[in-house]
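Please consider the protein shown below. The paragraphs that follow lead the reader through its parts in turn.

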Amino acid sequence: MFRLMRAPDVMLGQHWANLLTQAGIPCHLTNRYMQGGAGEIPVDQCGPDLWLENAHDKIAAMRLIEGPADTTAGTGFKWHCDQCGEWLEPQFTSCWQCGAAQPHP
Ligand SMILES: [Zn+2]
């Protein structure tokens, strides 16, 4: 199993899992029931993790999740943290995992 990324919320995580499943990529969403009533778990531990059964599906999975470039939104693309390897949504300017600043703003 290969942890692809952590979704910012359960709905988006489930959406990603559906996309991958429809594309024939075996995947699993974990922690999806943690939100709400998870009082003792730190917030950054609550997001659903998206796992791939096969690490070699990573590139295809990321393409599916990122989708076609949306030029109307103007928010840019996902970016990759140089420090810890986390993938971040474009609206974040620093890494939620390790706090590093976005390398290419
Ligand atoms: Zn990081």
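Predicted model: local features only at pLDDT ≥ 70, side-chain atom pairs only at ≥ 80, totals over all residues.

Leaving aside residues up to four places away in sequence, P103 touches W79, H80 and D82. The C-alpha atom of P103 is separated by 8.9 Å from that of T93, a residue 10 places away along the chain.

Q102 also lies in the segment after β5. With a relative accessible area of 19%, Q102 is buried, because the limit for that class is under 20%. Its contacts, again not counting residues up to four places away in sequence, are W79, F92, T93 and S94.

The next feature is the metal site. The zinc ion is coordinated at 2.3 Å by the SG atoms of C81, C84, C95 and C98. Along the sequence these donor residues follow the spacing C-x2-C-x10-C-x2-C. What arrangement do the four donor atoms around the zinc ion form? They subtend angles of 105 to 115 degrees, and the arrangement is therefore tetrahedral. For four tetrahedral donors the ideal angle at a metal is 109.5 degrees. C95 is buried, as its relative accessible area is 3%, whereas C98, at 40% relative accessibility, counts as partly exposed.

The protein chain as a whole contains two helices and five strands. Read from the N terminus on, these elements run in the order β-α-β-β-α-β-β.

Helix α2 comprises residues 58-66, and its buried residues are A61, M62 and I65. Seen down the axis of α2, these buried residues fall within an arc of 100 degrees, so they line one face of the helix. An α-helix has 3.6 residues a turn, so residues three or four places apart point the same way. On the other side of α2, I59 and R63 are exposed. Against which elements do the buried residues of α2 pack? They pack against β1 (2-6), α1 (10-22), β3 (49-52) and β5. Just after α2, G67 takes a positive phi of about 70 degrees.

Two of the strand pairings involve β3. Strand β1 is joined to β3 by four bridges, and the two run antiparallel. In this pairing R6 has D49 of β3 as its bridge partner. Strand β2, made up of residues 27-30, is likewise joined to β3 by four bridges, again in an antiparallel manner. Here T30 stands opposite D49 in β3. D49 is accordingly named in both pairings, with R6 and with T30.

Some values for the whole chain complete the account. The protein chain has 105 residues, of which 31% count as buried. Among its contacts between residues at least 6 apart in sequence, 46% join residues at least 24 apart. The chain exposes about 6,600 Å², and carbon and sulfur atoms supply 54% of that area.

Note on methods
Residues numbered from 1 in each chain as written. Heavy atoms only, no water. Contact = heavy atoms within 4.5 Å. Donors = N, O, S within 2.8 Å, 3.2 Å for Na, K, Ca; no water. Tetrahedral: all angles 85-135°; square planar, octahedral: opposite > 155°, others 65-115°. Buried < 20%, exposed > 50% of the residue type's maximum accessible area, 1.4 Å probe, protein only. Arc of directions from axis to C-beta. Pairing = 2+ DSSP bridges. Areas by Shrake-Rupley, 256 points an atom, 1.4 Å probe, with all protein chains shown as cover.
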